[in-house]
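Subject: Structure handover

Hello,

Here is the structure for your files. Please open it alongside this note; my findings follow below.

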Amino acid sequence: MITTGFTFNSGHSESYGIVVDPTSRIILPEKRRILTDIPGRSGYHVQSDGTYLARQESFHCYYVLPAEMSLADSARRIALWLSGEGRLEFDNEPGKYYDAFVVGAPPQQRHLKYGEFDVTFCYSPPFAYTETQEQTATIVSNSGFVLLPVNGTADTP
């Protein structure tokens, strides 16, 4: 499944000539659990506080060599863009973004007029965000609690 692309640190993959093929989209990050081996007992004692570990997803990327640039220069330009950390938005998930950074050193294969590489992003926290939304309400009683609706799928502080 080829997606249309992604935006990372305000740069879109299309501006680098990149086409993206996600290889490991996951639907749920791994829960944080401490497993303790207790002698004389089968299995583990499991402790969990309900939180999740960081999420990692890999993508296979192809890029076309620009006419005015060498393959090495194009790869350096892409490497500079992917270094650091920032907002990652996928074209097929409009209105959602992740705080992300690249994990490891993406290996590259070079061909005559194009290159390809695998990139793994780490999202921490592991959930998608939406833009901050403001809601104004007038509190007319002192009941102690005000419920605010949240349309997300994870606990929101």
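Is Ser10 buried or exposed? Ser10 is exposed, at a relative accessible area of 77%. Bear in mind throughout that this is a predicted model.

Backbone first. Ser10 is not a glycine, yet its phi is positive, about 70 degrees. Ser10 sits in the loop between S1 and S2. Asn9 belongs to the loop between strand S1 (6–8) and strand S2 (11–12). Asn9 is also a residue other than glycine with a positive phi, in this case near 50 degrees. Its accessibility is another matter: Asn9 counts as partly exposed, at 31% relative accessibility.

There is also a cis peptide bond to check. It joins Ser124 and Pro125, with omega about 0 degrees. Pro125 falls in the segment after S10.

Next, the strands. Strand S8 (residues 98–103) pairs with strand S7 (residues 85–90). The sense is antiparallel, and the pairing runs over four bridges. Within it, Arg87 has Asp99 in S8 as its bridge partner. S8 also pairs with strand S10 (residues 114–123), again antiparallel and over four bridges. There, Tyr123 in S10 stands opposite Ala100.

Now the charged side chains. Side chains of opposite charge can pair when their charged atoms come close. How many salt bridges does a search of the whole structure find? It finds one. The partners are Arg76 and Asp73, and their closest N and O atoms are 3.1 Å apart. Both residues lie in helix H1 (residues 71–82). They are three residues apart, about one turn of the helix. Arg76 counts as exposed, at 56% relative accessibility. Asp73 is partly exposed, with a relative accessible area of 40%.

Last, the cysteines. How many disulfides does the structure hold? The count is zero. For Cys61, the nearest cysteine sulfur is that of Cys122, 17 Å away. A disulfide needs the two sulfur atoms within 2.5 Å, so Cys61 is in no disulfide. Cys122 is in no disulfide either, its nearest cysteine sulfur being that of Cys61. Are these side chains buried or exposed? Cys61 counts as buried, at 1% relative accessibility. Cys122 is buried too, with a relative accessible area of 6%.

Over to you.

Best wishes

Terms used:
Residues numbered from 1 in each chain as written. Predicted model: local features only at pLDDT ≥ 70, side-chain atom pairs only at ≥ 80, totals over all residues. Heavy atoms only, no water. Buried < 20%, exposed > 50% of the residue type's maximum accessible area, 1.4 Å probe, protein only. Salt bridge = Lys/Arg side-chain N within 4 Å of Asp/Glu carboxyl O. Helix = DSSP H or I, 4+ residues; strand = E, 2+ residues; numbered from the N terminus. Pairing = 2+ DSSP bridges.
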